[in-house]
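Trainee: I'd like to learn how to read this one with you. Could you walk me through it?

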Amino acid sequence: MDVQQRETLLRAMLDELALAGYRETSVDRALAAAGVSVEEFEREFRDKDDCLFAAYDQLTAQVVARASAECGGGEPWPDRIRKGLEALLDELAAQPQMARALTRSFPGIRPAAYDRYVELLARFVPFMREGRAYSEVDEELPGEVELLAVGAAEAIIFGEVDAGRAERLPQMLPEILFSVLVPFMGPDRAADEMRSAAMSN
Amino acid sequence: MAECCAESGYGETTVEAVLDRAGVEPESFESHFADKEDCALAALNKIVSETLAQLSMAHPLADDVVARRKFEVKAILELMAAQQPFAWLVYIESRQGGTPRMHDSYESAARVLALMMERAGDPAGSRSGIARAALGGAEAVVRRELAAGRAERLPQLLPDFVYAALVPFVGQREALRQAKQAARVAAEEE
């Protein structure tokens with residue numbers, strides 16, 4: 001199968017997963033949607049799980065790349081975090097089924113799949129480290145502060161996706177930004193950033 | 001049931017596997033539970049009830065709400081450390097892997113915890129979304145430790161969780177002070 005067919009097949013598998021659940025996910029329907037034969041599938045993947053895990057790995061790579069592309073550059077760290085979050089929320093809002101597969105359907109398959117979700121959250125941790133330099137106190141912040149910030153954003157995003165409101169995520173940028181910044185900057189400065197994001201949102 | 005879910009996930013857990021592990025006959029299972037979901041819900045209810053019982057005994061004489069919450073969070077972490085399969089069932093399966101009824105059970109428990117945190121840090125109760133997000137941060141750390149099979153480490157993370165719960169409401173300086181106190185409380189009791 002060519003690159004385009006592979007991409008379409010992986011997307012179709014995640015669509016199946018989000019809509020029908022793991023047990024009802026049909027490789028045959030995904031193959032039909034992608035115009036891929038059973039023989040081509042078997043040359044590339046061992047089975048349904050092999051294909052689903054490949055699909056999830058591709059999706060997470062795209063989501064992380066989209067957010068991290070906005071986190072580079074020379075702007076102050078809070079501005080880069082805002083831009084990264086904005087890109088992430090836009091991406092998820094534009095693809096509600098992918099957002100559901102990303103956060104709920106795939107991680108729930110079994111513990112090995114859940115490990116991939118834990119790894120996904122861990123990939124956002126390095127973007128947070130610079131936030132320690134913005135602390136208003138001289139003391140060292142807690143060791144887990146980066147994952148606490150990532151998890152706060154995840155909790156809000158998960159709640160909206162799970163409730164079928166992924167398209168609302170971009171409107172929630174100010175609230176999510178506050179929850180990510182507050183462990184590093186304290187509530188007053190995080191609220192300033194939140195208000196600024198709300199004005200430009 | 002909890003052990004099977006922690007090993008294979010709820011979706012791939014079969015009643016037969018649960019019966020084998022528990023050494024229980026099918027007739028006995030059928031006299032207590034309607035089906036697999038019913039059994040999983042009973043397991044969830046068991047750990048939620050134990051958690052509530054632990055909370056009620058956590059430290060009733062603590063004189064302020066922040067101090068009580070610290071002891072309550074500590075009690076939860078210790079219970080999860082001691083009952084890792086049940087912790088997996090509550091924090092992971094019922095949130096992302098289980099049935100809608102299991103998910104409702106998780107949501108109810110999470111709402112209660114968020115309300116507790118909100119009252120500890122924000123007596124005016126005006127920012128419930130912020131409390132829920134702070135709780136989500138702590139839960140992400142809990143889930144990482146559970147996935148890595150390190151639930152026994154959870155009580156050591158009490159200071160980090162106290163910081164996360166309080167910082168949106170009281171600021172970094174006070175949240176760090178409370179986190180240090182929590183570390184001392186944990187160390188004294190060990």
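Mentor: Start where helix 9 of chain A stops: just after it, A:Gly164 takes a positive phi of about 75 degrees. Before going on, note that this is a predicted model, where local features need pLDDT of at least 70, side-chain atom pairs count only at pLDDT 80 or more, and totals for chains, interfaces and linings use all residues. Residues are numbered from 1 along each chain as its sequence is written, chains are lettered from A and ligands numbered from 1 in the order in which they are written, and side-chain values use heavy atoms, with hydrogens and water left out.

Trainee: How many helices and strands are there in chain A?

Mentor: Helices (H or I, at least four residues) and strands (E, at least two) are DSSP runs, numbered from the N terminus. Chain A has 11 helices and zero strands. Its C-alpha atoms fill a box of roughly 60 × 30 × 30 Å along the principal axes.

Trainee: How many residues of helix 9 of chain A are buried?

Mentor: Buried means under 20% relative accessible area, exposed over 50%, and partly exposed in between (1.4 Å probe, protein chains only). In helix 9 of chain A, 17 of the 18 residues are buried, so the rest of the structure largely encloses this helix. Over chain A, buried residues make up 56% of the 201 residues.

Trainee: Where is A:Ser135, and what does this residue touch?

Mentor: A:Ser135 sits in the loop between helix 8 (125-128) and helix 9 of chain A, and is buried at 17% relative accessible area. A contact means heavy atoms within 4.5 Å. Not counting residues up to four places away in sequence, A:Ser135 touches A:Leu141, A:Phe184, A:Arg189 and B:Gln172.

Trainee: Is B:Arg173 buried or exposed?

Mentor: B:Arg173, in helix 10 (residues 172-189) of chain B, is exposed, with a relative accessible area of 54%. Leaving out residues up to four places away in sequence, B:Arg173 touches A:Glu136 and A:Val137.

Trainee: Which backbone atom does the side chain of B:Arg173 reach?

Mentor: The side chain of B:Arg173 reaches the backbone oxygen of A:Glu136 at 3.5 Å. On the chain A side, the A:Ser135 side chain reaches the backbone nitrogen of A:Val137 at 3.2 Å.

Terms used
A polar contact is a pair of N or O atoms within 3.5 Å; within protein, one must be able to donate a hydrogen and the other to accept it, and residues adjacent in sequence count only if both atoms are side-chain atoms.
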